[in-house]
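Good morning, and thank you for coming. I shall take you through one structure this morning, one chain at a time, and then turn to the places where its parts meet.

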Amino acid sequence: MELIHLFPLLEITDTAMRFIGASFAMGLGSFAPALAIGLLVGKAMEALGRNPEAQPVIQTNMILGIAFAEAIAIYALVVAVMIGFVF
Amino acid sequence: MRRFKGLAIGLAVLILVLAGFLFLRSPKPIIELKAETVFSIGPFNVTNTYITSWIVIIFISLFAYAATRRMSLVPRGIQNLFEAIIEAIYNLVINSAGEKHGRRFFPVVATIFLYVAMCNWFGLLPLFATVGKVEEISAQSQAFHEKGVVIHEVAGLNVIMPAADDVELPKTVTLPDAKVEDVSADSSVEVKQLAIDEATRDLNLGKDKKIGVLVPFLRSVNTDLNSPLALAVWSAIFVEFWGISAYGFFRYGSKFFNFGRLLRGKILDGFIDAFVGIMEFVAEAARLVSFTFRLFGNILAGEILFLVVIFLVPLVFLQFVYFMELFVGAIQAFIFAMLTLVFGIIAVSAPHGEAEGH
């Protein structure tokens, strides 16, 4: 258990540092994608309300857009899992 | 009586949750990113995801064969099911890409969709990630794992019991002559034995208990990074192929390597064109990465979620995770296929700035 010396009088084990890193990676990294998905679905709902007949087109494109936004959160997850379990 | 029925159901669920929490929790999950090798044929390591991918391929082939064996104009049975699926995907492709290009895109897009959907759903079947061989952590064995679980031997089979103890080998050991050594795969036998003794000091390992790690025989295909990467590479190859076959090599390549105006002498416009071309190239490469990690991350996250939920509260909350995984598996397959289609459409449609100046 290797102690890392952070500030004067603060020592922390490397495992604890790893867990802190993993949780920060996932937590901060999912903030923006969540916002993006919320905005996207909101706009899709607006469009759907204006033109309910175009529902398949709107829905398909909405799912596509959500996939792009979610991919960013998935990158953060992969980094968090790598920090937590691989390194 | 209706009031009591709701109450009874709620009570039954609560009892199930408590029973699962108290008696049926698995030991701490050991999450392995790399796909484990089950056996090797010469220099080729057969991993558990490879076995699963072949099972999926054989399943889809048998399904297609059964559907087209005695084809009739009015479909019935399996042919009906297959036709419904194919027709749905075909309409999607044709509505997006038009008749001419759609017929060319359709086989690739449909294959990607069916293969990825089946792969993801196969990962939810009962035998996956639970049945396998046990690699024992002992000082003599070649296989080295840092974390393990206590495995009981029940009637000749090695079984991981619920709430078994988990074992983590220490990172360093101090030898009798006060030297501190790292414990890793190429440590000596004494160092490994010392590490194992230190880790298992508080557990009483009798004759029928040993520490080891479960190597499952079957594992969901897209949890191995190689599989989504292979699919993404093929998707990129096909998209470029469609672009080149629609426009010819140089005209399609001029989307990326747009040095015409630069060489003709217009410096600023030329640099802008060249820069835009290089950005397009970088975007293509970034798409490879994003395709891979989207599919890999989603499916891996599902598997980790399963393991963690089984560790925390099995029996009832697992159903919700299961439903989400079914949904996510299908959605990710759909997204991969649709993105391939969309990028194919972009590749065969007229590039920017084609109209001006010609």
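Let us begin with chain A, where 11% of the 87 residues count as buried. Please keep in mind throughout that this is a predicted model. For chain A the mean pLDDT is 88, and 99% of the residues reach 70 or more. Among the elements of this chain, helix H2 of chain A (residues 31-50) has the highest mean pLDDT, 95, while strand E1 of chain A (residues 3-5) has the lowest, 80.

How many helices and strands does chain A have? There are three helices and two strands, and from the N terminus on they follow the order β-β-α-α-α. The C-alpha trace of chain A spans about 65 × 25 × 10 Å along its principal axes. Its radius of gyration is 20 Å, whereas a compact globule of 87 residues would have one near 12 Å. Of the contacts in chain A between residues at least 6 apart in sequence, 62% join residues at least 24 apart.

I now turn to chain B. Here we find nine helices and nine strands. Is this chain compact or spread out? The globule rule gives 21 Å for 358 residues, and the radius of gyration of chain B is 27 Å, well over that value, so chain B is more spread out than a compact globule. Along the principal axes, its C-alpha trace spans about 85 × 70 × 45 Å. Buried residues make up 27% of the 358 residues in this chain. Among contacts in chain B with a separation of 6 or more, 69% are between residues 24 or more positions apart.

The domain assignment divides chain B into domain 1 (37-122), domain 2 (134-214) and domain 3 (222-348). Between domain 1 of chain B and domain 2 of chain B, the C-alpha centres are 43 Å apart.

Let us look next at the interior. In soluble globular proteins, nonpolar side chains tend to be buried together. In this model, the largest nonpolar core has 47 residues, and those with the most contacts inside it are B:Val109, B:Ile112, B:Phe113, B:Val116, B:Phe336 and B:Ala337. Which elements supply this core with at least two residues each? They are helix H3 (55-86) of chain A, together with H3, helix H5 (226-247), H8 and H9 of chain B. The element that gives the most is H3 of chain B, with 14 residues. Domain 1 and domain 3 of chain B each contribute at least three residues to this core.

Setting aside residues up to four places away in sequence, B:Ile112 touches B:Leu231, B:Ser235, B:Phe336, B:Ala337 and B:Thr340. There is also a second, separate core of 13 residues, which includes B:Ile151, B:Leu169, B:Val173 and B:Ala199.

Where the two chains meet, the contact takes 11 residues from chain A and 12 residues from chain B. On the side of chain A that touches chain B, 11 residues are nonpolar, with no polar and no charged residues.

Most residues other than glycine have a negative phi, and most peptide bonds are trans. B:Ala129 is not a glycine, yet its phi is positive, at about 65°. This residue is placed in the loop between helix H3 (78-122) and strand E3 (132-136) of chain B. Why does B:Ala129 count as buried? It counts as buried because 20 other C-beta atoms lie within 10 Å, and 20 or more is the cut-off.

B:Leu315 also has a positive phi, of about 85°, although it is not a glycine. Its place is in the loop between helix H8 (267-312) and helix H9 (317-348) of chain B. B:Leu315 has 19 C-beta neighbours inside 10 Å, so this residue counts as partly exposed.

With 17 other C-beta atoms within 10 Å, B:Ser187 is partly exposed. Leaving aside neighbours within four places in sequence, B:Ser187 is in contact with B:Glu181, B:Asp182 and B:Lys192. B:Ser187 and B:Ala199 are 12 residues apart in sequence, and their C-alpha atoms are 16 Å apart in space.

Thank you for your attention.

Technical notes. Residues numbered from 1 in each chain as written. Chains lettered and ligands numbered in written order. Helix = DSSP H or I, 4+ residues; strand = E, 2+ residues; numbered from the N terminus. Buried ≥ 20, exposed ≤ 12 C-beta atoms within 10 Å, placed from the backbone. Contact = placed C-beta atoms within 7 Å. Nonpolar A, V, L, I, M, F, W, Y, C, P; charged D, E, K, R; others polar. Domains from an automatic or database assignment. Rg over C-alpha atoms; globule rule 2.2 N^0.38 Å. Core = buried A, V, L, I, M, F, W, Y, C linked by C-beta atoms within 7 Å. pLDDT = per-residue confidence, 0-100.
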